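Visitor: I would like to go through this protein with you, one question at a time. Could you take me from the overall fold to the details?

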Amino acid sequence: METLKYKVIKTEEQYWQYCNILEALVDKKTNEEQEDEIELLTFLIEKWDEEHQISQQNDPVTLLKYLMEENNMKPKDLADLLGVGKSVVSEILNYKKGFSKEIIRKLAERFKVKQEAFNRTYPLIVSNKTKSLKELSVGN
């Protein structure tokens, strides 16, 4: 009997290993066999996500920071990916600006998660001219 190349994900380590493999395959996608491999890995990763709700454990900014760390991304890398300035990324990472629909789409595509992971309500910190802070909710 042939040994399976990929199995049902049972550990977080295996989950991240499959995410890294999927990312590498997507970056160099060339043939039909790799398309099938991408499809299978995507299915396995989504199944793990549903069962463990990894993206539901954190607010969108915390999730983004975690994904950036896991992928060795700096804010400048994220700005380049999103096609925005470093100041926009800084405002997002510091809870001063919400995610636009376009940013949500690009993040979901890049990190292979559902858009809903970034499209949730979370508090924003906004200062006015008198330097007082108030919380606003963004998302949905």
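Guide: Let us begin with a term: a residue is called buried when its relative accessible area is under 20%. Please keep in mind that this is a predicted model.

Visitor: What share of the 140 residues in the protein is buried?

Guide: The cut-off for a buried residue is a relative accessible area under 20%. With that cut-off applied to the 140 residues of the protein, the buried share comes to 35%.

Visitor: In what order do the elements of the protein run from the N terminus on?

Guide: The protein has six helices and two strands. Read from the N terminus on, the order of these elements is α-α-α-α-α-α-β-β.

Visitor: Which helices do the buried residues of α5 pack against?

Guide: In helix α5, which spans residues 86–93, the buried residues are Val88, Val89, Ile92 and Leu93. Seen down the axis of α5, these residues fall within an arc of 130° and therefore line one face of the helix, while Lys86 and Ser87 are exposed on the other side. The partners against which the buried residues of α5 pack are α3, α4 and α6.

Visitor: Which residue just after α5 takes a positive phi?

Guide: Just after α3, a positive phi of about 50° is taken by Asn72. Just after α5, a positive phi of about 60° is taken by Tyr95.

Visitor: Which helix gives the most to the lining of the largest cavity?

Guide: The structure holds two cavities of 30 Å³ or more, and about 110 Å³ of space lies in the largest. Of the 13 residues that line the largest cavity, the closest to its centre are Trp16, Cys19, Glu23, Asn71 and Phe111. Helices α1 (12–27) and α6 (101–111) each supply at least two residues of this lining, and the helix that gives the most, with six residues, is α1.

Visitor: Is Asn71 buried or exposed?

Guide: Asn71 has its place in the loop between α3 and α4 (75–82). Leaving aside residues up to four places away in sequence, Asn71 touches Glu23, Arg110 and Phe111. Its relative accessibility is 18%, and since the cut-off is under 20%, Asn71 counts as buried.

Visitor: How far apart are the C-alpha atoms of Ala24 and Ile38?

Guide: Ala24 is found in helix α1, where it is partly exposed, with a relative accessible area of 41%. Ala24 and Ile38 are 14 residues apart along the chain, and the separation of their C-alpha atoms is 9.8 Å.

Methods: Residues numbered from 1 in each chain as written. Predicted model: local features only at pLDDT ≥ 70, side-chain atom pairs only at ≥ 80, totals over all residues. Heavy atoms only, no water. Helix = DSSP H or I, 4+ residues; strand = E, 2+ residues; numbered from the N terminus. Buried < 20%, exposed > 50% of the residue type's maximum accessible area, 1.4 Å probe, protein only. 1 Å grid on protein atoms, 1.4 Å probe; cavity = no way out; pocket = protein on both sides within 12 Å on 5 of 7 lines; lining within 4 Å. Points joined across faces, edges and corners; volume = space filled by probe spheres on them. Contact = heavy atoms within 4.5 Å. Arc of directions from axis to C-beta.
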